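Hi,

Here is the structure I promised to pass on. Have a look at it first, and my notes follow below.

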Amino acid sequence: MYNVQRIMNRMSERRGITLIELLISVVLSTVILLVMVRAFKVASEQMTKGRATIEMASQLRNAAETLRSDLENVTVPLRPNSIEASTNGYFTIVEGPVMDNRQRIGGGMVDVAANLNNPLVAGTSYLGDYDDILAMTVRSSGRPFRGRWIDPNDPAGVATVVESYVAEVIWWVKHNDVIADNEVQYAENLTLHRRVLLVRPDLTTSFTNMNDFYAHNDLAARPVAGPGIVMNSLADLAKRENRFAHIRRATPNLGFPHEIDPGIIFNRQLQGERQGEDIVLTGVAAFDVKVFSPNCWIKEFAEQVIDPADPGFGLLGTQSEGAYVDLGFAQAMGFGIVPIEPWFSQYPEPKSKLDLDFVLNGIGRTWCTWSPHYEYDGIDQDGDGLIDQGTDGVDNNNFGGVDDEAERETLPPYPHPIRSLQVTFRLIEKNSGQVRQQTIRHSFVPE
């Protein structure tokens with residue numbers, strides 16, 4: 001009895017927990033808290049990735065549908081030098097120097113497959129071909145295009161909304177080169193732009209500077225002597241010298257071929273109060289335009305079919321089956337002249353004057369619907385002292401008959417039609433590390 005009472009007295013004297021018990025409880029609480037924090041962090045990261053995936057999928061879908069609509073409503077057949085190309089607008093592609101298997105590193109172009117150990121190459125692995133340009137004239141199949149125009153008769157200079165069922169549409173990627181090294185760093189951003197310029201030749205403007213005009217107006221226009229600016233019709237836009245961001249030189253015989261100036265087009269995005277209105281996608285990692293070559297080389301490697309766009313592609317063991325390709329891919333990859341030349345494999349035709357010199361100067365490789373008006377415009381484009389000899393009714397070269405093709409002053413950059421076009425969009429969400437890609441293909445072959 002005494003022992004029991006003694007134990008009970010001792011128990012009653014304990015008024016708290018021991019230090020060891022306290023330490024154990026603190027450790028257990030900390031462990032539980034850390035587990036909960038980790039669980040919340042994982043859940044939050046998954047939610048962030050999920051939102052990024054949904055947002056990127058939505059953005060890609062919207063961009064793809066917009067481009068599909070443009071391609072479905074091009075105003076001119078995608079055949080070079082067709083009769084329709086002289087009056088019904090145009091379609092052109094500019095293939096920039098960058099390709100899936102070639103990236104711009106250290107101021108030059110680097111073969112990705114041959115430089116996999118280069119940390120600079122590894123750092124650009126999320127990038128694809130991002131410097132292509134698409135430009136075309138489009139006819140709306142539904143609601144008219146809407147744009148802004150400043151009426152020169154309005155003393156207040158207030159912008160009004162105008163409409164047109166026809167527009168000049170240009171797609172391009174802008175590199176925000178913050179570091180100013182002409183390379184896409186991971187911290188920098190690429191944005192995809194789509195500029196819509198209404199075709200309204202009935203309107204006038206008092207602007208005289210093209211940069212100021214495009215900053216305030218959404219109309220297809222060209223500079224004229226005076227100085228002045230006039231609006232373009234579809235027939236005007238069939239001529240390269242009248243198109244958006246094409247170089248129009250003062251001396252006619254020195255102006256040809258009126259190439260696109262990337263330095264102009266890459267810096268003609270909307271700015272000021274309208275900044276961002278022409279942006280289709282941000283966080284762009286690729287905007288790759290390819291054309292279908294029905295006799296292009298392909299090969300099998302590791303039980304997969306690869307084509308010239310894939311890093312490490314070589315000519316050994318190739319077959320001619322057809323693939324989507326970059327313009328001038330054989331020359332760009334150093335293959336040179338080969339026995340069987342697939343469509344679009346070489347540099348542009350010399351008579352287009354968009355060939356090697358322009359490619360090396362960074363203009364890119366161009367496909368264009370072209371226009372036959374250069375053969376009867378009274379200008380000596382090829383500088384041989386004869387004017388419009390391809391249409392003058394004389395056998396000037398004593399070969400092939402009167403006004404044969406060899407007498408032409410100009411030829412399209414590529415003689416082949418575009419049967420099908422493939423455009424790849426790729427986005428990167430850098431906060432979550434998510435990358436998503438979508439590819440669309442559009443056939444121009446009549447059903």
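A quick term before anything else: when I say two residues touch, or are in contact, I mean they have heavy atoms within 4.5 Å. Keep in mind that this is a predicted model, where local features need pLDDT of at least 70 and side-chain atom pairs count only at pLDDT 80 or more, while totals for chains, interfaces and linings use all residues. Residues are numbered from 1 along each chain as its sequence is written, and side-chain values use heavy atoms, with hydrogens and water left out.

On confidence: pLDDT is the predictor's confidence in each residue, from 0 to 100. The protein averages 85, and 91% of the residues score at least 70. Strand S4 (residues 133-139) has the highest mean, 96, and helix H1 (residues 2-13) the lowest, 57. Where pLDDT is low, the predicted coordinates should not be read in detail. Helices (H or I, at least four residues) and strands (E, at least two) are DSSP runs, numbered from the N terminus.

Now to Gln 103, which sits in strand S2 (residues 102-105). Gln 103 is buried, at a relative accessible area of 3% (buried is under 20%, exposed over 50%, partly exposed in between, with a 1.4 Å probe and protein chains only). Leaving out residues up to four places away in sequence, Gln 103 touches Val 98, Gly 108, Met 109, Val 110, Val 112, Thr 124, Leu 127, Gly 128 and Tyr 130. Its side chain also reaches the backbone oxygen of Met 99 at 3.3 Å, and a polar atom of that side chain lies 3.3 Å from the backbone oxygen of Gly 128.

Next, the loop between helix H8 (329-332) and helix H9 (356-360), where you'll find Phe 344. Phe 344 is not a glycine, yet its phi is positive, near 65°. Lys 353 is in the loop between H8 and H9 too, and has a positive phi of about 60° although it is not a glycine either. Is Phe 344 buried or exposed? Phe 344 is buried, with a relative accessible area of 1%, whereas Lys 353 is partly exposed at 30%.

That's what I have so far.

Cheers

Notes
A polar contact is a pair of N or O atoms within 3.5 Å; within protein, one must be able to donate a hydrogen and the other to accept it, and residues adjacent in sequence count only if both atoms are side-chain atoms.
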